[in-house]
Amino acid sequence: MPQVPQTFDALAVRTWCGLALEALGRAREEIDAINVYPVADGDTGTNLYLTVESATAAVEAVFAGHEVGGREAGGGDEAGGGRPTLADAVRAMAHGALIGARGNSGTILAQLLRGMAQVLAADSETAHTDGPGLRLALRQAADSARQAVAHPVEGTVLTVASAAADAANGAEGDCGTVARAAYEGARAALAATPGQLAVLERAGVVDAGGRGLVAVLAALVETFTGEAPRMRLGSPEVHARVAAVVTHVDIVGAGIGGVHPDVCEDGAPEEGGPAFEVIYLLEAEDAAVDRLRGRLDLLGNSLVVVGGDGLWNVHVHVDDAGAAVEAGVEAGRPYRIRITHFGLGDVHTGGPGRPPRERAQRAVVAVVPGEGLAGLYAEAGATTVLARPGEPPASGELVEAVRRAHAREVVLLPNDAELRHTAAAAAEQARADGVRVALIPTRSAVQGIAALAVHEPERRFDEDVVAMTSAAGATRYAEVVVAERQSWTMAGICQAGDVLGLIDGDVAVIGSDITTTAESVLDRMLSAGGEMVTLVLGDEAPDAIAAHLESRVRESYLAVDTVVYRGGRQGALLLIGVE
């Protein structure tokens with residue numbers, strides 16, 4: 001048997017993360033298949049895997065950094081230069097989980113890991129690296145996760161976490177003994193979840209989030225004992241039902257066995273549910289987050305806010321996605337915003353007696369540059385991927401968005417010329433998954449707005465794609481930005497701080513005043529004709545610029561309409577579209 005750690009140190013954290021990731025990788029499809037609460041969208045296993053993957057990557061990065069530092073200093077492990085401390089490792093694990101948390105269960109798992117890190121990394125005279133320390137860490141994890149959920153429900157991952165902490169509290173011995181006790185307590189609680197939540201009982205399955213936590217705790221046992229406990233879900237009847245569910249691959253994300261999980265946050269029957277899942281990271285002060293919790297609780301349900309020390313992960317289900325994002329903007333700086341439209345016919349948005357959700361026939365996935373546009377696109381039914389300045393999304397993020405859209409046919413709008421190859425790679429991967437994907441090469445968010453405006457899911461796919469492509473192609477696009485450095489352009493030499501007007505990707509105007517430059521750009525675009533002007537204002541655009549440009553269009557160009565949107569932190573001061 002390979003040597004196993006006797007105390008909780010940095011290597012134990014690294015080993016645990018790696019084993020937990022492997023365990024969730026093996027169980028991912030099974031957990032996805034039994035996902036019926038709070039939304040039967042078939043992604044709990046995937047969300048937990050991605051959350052732990054982010055935590056593992058953060059821990060590996062810390063080890064890599066210390067190894068490089070140790071070599072440069074000429075030292076090794078003996079000198080302490082090649083290995084991080086326990087505090088370094090658990091803080092990296094918690095931070096990685098926080099910034100990579102996906103979905104309801106992933107967000108709660110991130111808070112569980114953060115709770116453990118608060119104990120294991122605490123500055124105190126007594127090191128919490130032994131069995132008693134692990135007991136304290138598990139207790140803090142369960143309590144902090146429960147506090148992070150606006151309306152805790154029994155029969156969920158929260159119940160399983162509390163049971164693990166309770167069982168660990170009664171265990172005496174080393175970390176291996178405490179970990180095994182926690183695992184056994186969690187496993188027993190998991191088997192009892194169908195009796196606590198009606199939707200689980202009707203489906204004949206255990207809670208998916210709790211099942212994932214049991215896998216993570218099994219990895220903790222293996223970390224300290226070298227032996228992986230055999231995974232038993234409880235009674236043979238429950239095990240048989242779960243096995244039967246897993247064999248029906250076609251029901252993943254579509255409800256389980258005809259069950260209609262029409263329950264709300266408190267577990268009671270619900271006539272209808274919110275249409276959107278909104279998730280974002282938030283930089284904000286504690287007091288602002290307390291106010292945010294209250295506001296989001298009024299907007300929707302499944303509210304989970306985790307984190308601390310100025311960085312938070314916010315998860316909520318709402319009908320008004322824009323309002324949820326705006327609440328985050330008022331509280332601080334939201335970013336990495338993900339908005340998922342559950343779609344018509346979703347079990348979450350249907351009342352009792354509705355058929356279980358099936359894969360939608362068609363969906364639109366769009367990359368957007370600002371929070372305001374993310375809300376606008378989502379309200380139009382699109383699944384969005386936020387691209388912040390200097391942080392373009394990877395192809396994997398686009399593939400994940402296509403999967404979240406849960407449709408047989410997907411129209412992909414990259415809304416950026418630089419994302420053409422990334423979007424093409426994502427489209428190929430999605431096609432390999434069996435999704436029919438059409439990539440419309442939109443170069444700006446205003447072209448995406450034009451395409452989305454003519455989108456009709458009832459049309460034949462090819463006809464819809466042609467109409468959307470034509471609308472996007474008929475829309476000239478421009479943006480007004482501030483030059484960061486001196487540069488040669490098509491309009492001459494610009495200096496740092498100059499205001500640049502770019503039309504169709506090329507610099508056409510160099511000026512010193514934002515409003516004057518924007519007016520010049522707009523005049524050049526409308527000189528070739530146009531019927532509709534779209535203005536998307538960035539956060540740093542002058543307050544009066546929209547009214548000035550609207551007046552300019554009204555007075556100088558007959559029969560041309562203007563529409564204005566707030567884009568948020570979109571990089572450009574102003575986006576302009578002329579159809």
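Residues are numbered from 1 along each chain as its sequence is written, and side-chain values use heavy atoms, with hydrogens and water left out. Because the model is predicted, local features need pLDDT of at least 70 and side-chain atom pairs count only at pLDDT 80 or more, while totals for chains, interfaces and linings use all residues.

The protein contains 19 helices and 16 strands; these are DSSP runs numbered from the N terminus, with helices (H or I) of at least four residues and strands (E) of at least two. Of its 579 residues, 57% are buried, where buried means under 20% relative accessible area, exposed means over 50%, and partly exposed lies in between (1.4 Å probe, protein chains only). The protein exposes about 23900 Å², and carbon and sulfur atoms supply 50% of that area; accessible areas come from the Shrake-Rupley method with a 1.4 Å probe, and for residues only the protein chains shown count as cover. Among contacts between residues at least 6 apart in sequence, 72% join residues at least 24 apart, a contact being heavy atoms within 4.5 Å.

Rings of Phe, Tyr and Trp (its six-membered ring) pair if their centres lie within 6.5 Å; planes under 30 degrees apart count as stacked, over 60 as edge-to-face, and the rest as tilted. Both Phe 8 and Trp 16 are buried. Phe 8 also pairs edge-to-face with Phe 224, at 5.2 Å centre to centre and 70° between the planes. This second pair links distant parts of the chain, 216 residues apart: Phe 8 is in the segment before helix H1 (10–33), and Phe 224 is in helix H9 (residues 208–225). Phe 224 is buried, as is Phe 8. Together, Phe 8, Trp 16 and Phe 224 make up one aromatic cluster.

Leaving aside neighbours within four places in sequence, Trp 16 is in contact with Phe 8, Met 93, Leu 113, Met 116, Val 216, Ala 219, Leu 220 and Thr 223. The C-alpha atoms of Trp 16 and Ala 219 are separated by 6.0 Å, although the two residues are 203 apart along the chain.

Two arginines lie over aromatic rings. Arg 14 sits over the face of Phe 63, 4.2 Å from the ring centre, and Arg 333 over the face of Tyr 335, at 4.4 Å. A charge sits over a ring if NZ of Lys or CZ of Arg is within 6 Å of the ring centre and within 35 degrees of the ring normal.

Strand E9 (residues 476–482) pairs in the antiparallel sense with strand E16 (residues 574–578) over five bridges. E9 also pairs in the antiparallel sense with strand E12 (residues 499–503), again over five bridges. Two strands pair if DSSP finds at least two bridges between them. Val 480 stands opposite Leu 574 in E16 and opposite Gly 501 in E12.

The structure holds zero disulfides, a disulfide being a pair of cysteine sulfur atoms within 2.5 Å. Cys 175 is buried, with a relative accessible area of 1%, and Cys 494 counts as buried at 2% relative accessibility.
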